[in-house]
Amino acid sequence: DLALYEAKRAGRGRYRFFEQGMDLQLHERRELEIDLRRALALKQFELAYQPFLDLSTDAVIGFEALLRWNHPVRGKVPPLSFISVAEENGLIVKIGEWVLMTACMAAASWPGDLIVAVNVSPLQFKADTLLTTVSTALERSGLAPERLELEITEGALLADTDNVLATLHSLRALGVKISMDDFGTGYSSLSYLQKFPFNKIKIDRSFVSGGGADSEAILRAVSGLGSNLGMAITAEGVETAEQLGRIREQSCTHVQGYLTGRPMAPDQVELFLQEQPIAQVTN
Ligand code: C2E
Ligand code: MG
Ligand code: MG
Ligand code: MG
């Protein structure tokens, strides 16, 4: 019963007020986990969609689906504050299934050949249900496989290389595309680009907004190598015209950031597309 649930939550909130120090974090984490377990059933999740554009034509190529949690008491909880909890308790697998299905359904209603990019957590990537989940989402939505792009981070690549490669090849065999997300952070290594069959590299925002000589050099090296290997290269987190100008001088093929479009509610996508050129052919 939702009303009772909210009353309990408010009660916990008051209790929290009297707690101090590190117990608070542990307590809050436990609360978050309890709430997270019910969030799917209570339909508290939503996807926002952020456009990415082709740098040579400035046309919209597709949208990345970004998870949003509308918590009845906390309001909008950003993904980075609950995804790690969902990974620890395994809930991310069920949440990820919902994300894939919802994103494919939405994309199937978009005009043209627009792509939807979906983030896949390392835990979800390793789950033996991933292939079934992806093919079920494609079948039920009727979305053409080449219109689905899965974004994985290097965390997914750290496990046993043979298994990782087998999963990546099976996904590619379904016809979906694979992107290496947040490239350049954490443990990424240039050898990954050669070892794993990615269609696209997304260069992390920190190298785009960094501005310094180091960021510039990394941007040049990664985009140069990626394009020589036949991959698309997205510059993430472009916020200013000056940053856009800088990435145009590199071998980047796509741009995604607040400058070219913020994450938007599903019903805003159609409106956004009315004011933007849409790519006619996907690559
Ligand atoms: P990400 O996949 O790298 O997504 C890009 C993040 O950068 C998004 O944050 C987006 O809103 C933000 N962003 C885009 N353009 C700009 C910009 O110009 N400036 C700045 N400052 N930020 C920009 P968001 O939506 O908070 O998501 C954060 C992360 O949470 C994502 O990073 C992704 O790793 C994860 N995430 C989001 N949705 C999902 C999901 O459905 N499943 C999983 N497993 N992870 C998700
Ligand atoms: Mg992403
Ligand atoms: Mg990213
Ligand atoms: Mg990122």
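Student: Is Cys 104 buried or exposed in this structure?

Tutor: The model is a predicted one, and its relative accessibility can be compared with a cut-off: buried means under 20%. Cys 104 has a relative accessibility of 0%. Because that value falls under the cut-off, Cys 104 counts as buried.

Student: Is Cys 252 buried or exposed, and how many disulfides does the structure hold?

Tutor: The relative accessibility of Cys 252 is 10%, so this residue counts as buried. In general, a disulfide is a covalent bond between the sulfur atoms of two cysteines. For this structure the number of disulfides is zero.

Student: Which residues are the protein donors of the magnesium ion (ligand 2)?

Tutor: The protein donors lie 2.0 to 2.2 Å from the magnesium ion (ligand 2). Along the chain they follow the spacing E-x54-N-x31-E-x29-D. Named with their atoms, they are Glu 64 (OE), Asn 119 (OD1), Glu 151 (OE) and Asp 181 (OD).

Student: Which residue bridges the magnesium ion (ligand 2) and the magnesium ion (ligand 3)?

Tutor: The two magnesium ions, ligand 2 and ligand 3, lie 3.8 Å apart. The residue that bridges them is Asp 181.

Student: Where in the chain are Asn 119 and Asp 181, and how many residues apart are they?

Tutor: Asn 119 is in strand β4, which covers residues 115–119. Asp 181 is in strand β6, which covers residues 177–183.

Student: What is the radius of gyration of the chain, and how does the globule rule compare?

Tutor: The secondary structure of the chain comes to 12 helices and nine strands. For 283 residues the globule rule gives 19 Å, and the chain comes close to this, so it is as compact as a globular protein of that length. The radius of gyration of the chain is 20 Å.

Technical notes
Residues numbered from 1 in each chain as written. Chains lettered and ligands numbered in written order. Predicted model: local features only at pLDDT ≥ 70, side-chain atom pairs only at ≥ 80, totals over all residues. Heavy atoms only, no water. Donors = N, O, S within 2.8 Å, 3.2 Å for Na, K, Ca; no water. Helix = DSSP H or I, 4+ residues; strand = E, 2+ residues; numbered from the N terminus. Rg over C-alpha atoms; globule rule 2.2 N^0.38 Å. Disulfide = S-S within 2.5 Å. Buried < 20%, exposed > 50% of the residue type's maximum accessible area, 1.4 Å probe, protein only.
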